[in-house]
Amino acid sequence: MSASAAHPTISVTPQSPALGAVIEGVDLARDLSENTLDELKDAFGRYSVIFFRGQDLTPQQHIDLAERWGTININRFFKPLEDFPKIAQVIKEADQKENIGAVWHTDQSYDEIPAMGSILYARKVPEVGGDTIFSSMYLAYESLSDGMKDMLGGLKAWHSSRHAFGYGATDREHYEDGRFANPDLATQDALHPVVITHPITGRKALYVNTDFTVRFDGWTIEESKPLLDFLYAHGARQEFTCRFHWEPGSIAFWDNRATWHYALNDYHGKQRIMHRITLEGVPLN
Ligand code: SIN
């Protein structure tokens, strides 16, 4: 697809019927005009994750881009890039087995005000493998039965960082090799509606995820598990997804309130280096 009435200065090509669009005709290293920024924001709202290829950004240009959009949230668990604490490194070395993000999740739902999204920039990626899959939590919600929607609409759920980043997780390879740090800061538990109204689009979205949601409020973990397991399997249905293959210079910018993502760990023996900047969100309801 080329430039359109909604996006006269950029080209927007949808990646699947569910979500995701590749944006062309913009050099993110340059200072964006207000018009182009507005068009990018519009595409972000419509497609929930926007992709760019062939971008050549210094770390400072990556930060400048993020700051045109919003306020940067510094992730307290990820190893920062030297001299650039606003950039988190998402790295897997050739001799490592565990990658970061190989479970369906939405970033930082354990925070009281979860991050709005992340701008992930590929520095070094395998030629084959290491793709990221995104799933639409709008479609996950909209495709539920009215009965299920009614029940979920009255529920809240607890999200936690403790099991993923706390002392219980320090024997993971991520901690042993320094990719993660600060287990003492994994104290955040947060209560969010199971169905949120998206702060930009006003659409309803399912807001539980496999990595960080622990139970429904007022329910035990055991009581919560069967329904959460159903929602996790439902949210991962292939027709809600799109898959992105990375090249050096690719960028994915996703909306945590409308999507899940899953980083495939199918490239053992190869190095993958990504730089991630996360943006602050707003309270969810
Ligand atoms: C993440 O979960 O933030 C990382 C995704 C990826 O490396 O593809």
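**Around the ligand**

Guide: Let's start at histidine 105, where a side-chain N or O atom is 2.9 Å from an oxygen atom of the ligand. This is a predicted model, in which local features need pLDDT of at least 70 and side-chain atom pairs 80 or more, while totals for chains, interfaces and linings use all residues. Residues are numbered from 1 along each chain as its sequence is written, and side-chain values use heavy atoms, leaving out hydrogens and water.

Arginine 272 places a polar side-chain atom 2.8 Å from a ligand oxygen, and for arginine 276 the distance is 2.7 Å; a polar contact here is a pair of N or O atoms within 3.5 Å. The protein buries 100% of the 260 Å² that the ligand exposes when taken alone (Shrake-Rupley areas, 1.4 Å probe). The ligand sits in the largest pocket, meaning that more than half of its atoms lie within 2 Å of the pocket's grid points. Such a pocket is an open set of points on a 1 Å grid over the protein atoms alone, with protein on both sides within 12 Å along at least five of seven lines.

Two elements give two or more residues to the shell: β16 (259–263) and β17 (272–279); strands are DSSP E runs of at least two residues, numbered from the N terminus. Val90, Gly101, Asp107, Leu120, Thr132 and Trp254 are among the surrounding residues, which have a heavy atom within 4 Å of the ligand. By class, the shell has 4 nonpolar, 4 polar and 3 charged residues, with Gly counted as polar.

Definitions and conventions. Polar contact = N/O pair within 3.5 Å; in protein donor to acceptor, adjacent residues only side chain to side chain. 1 Å grid on protein atoms, 1.4 Å probe; cavity = no way out; pocket = protein on both sides within 12 Å on 5 of 7 lines; lining within 4 Å. Helix = DSSP H or I, 4+ residues; strand = E, 2+ residues; numbered from the N terminus.
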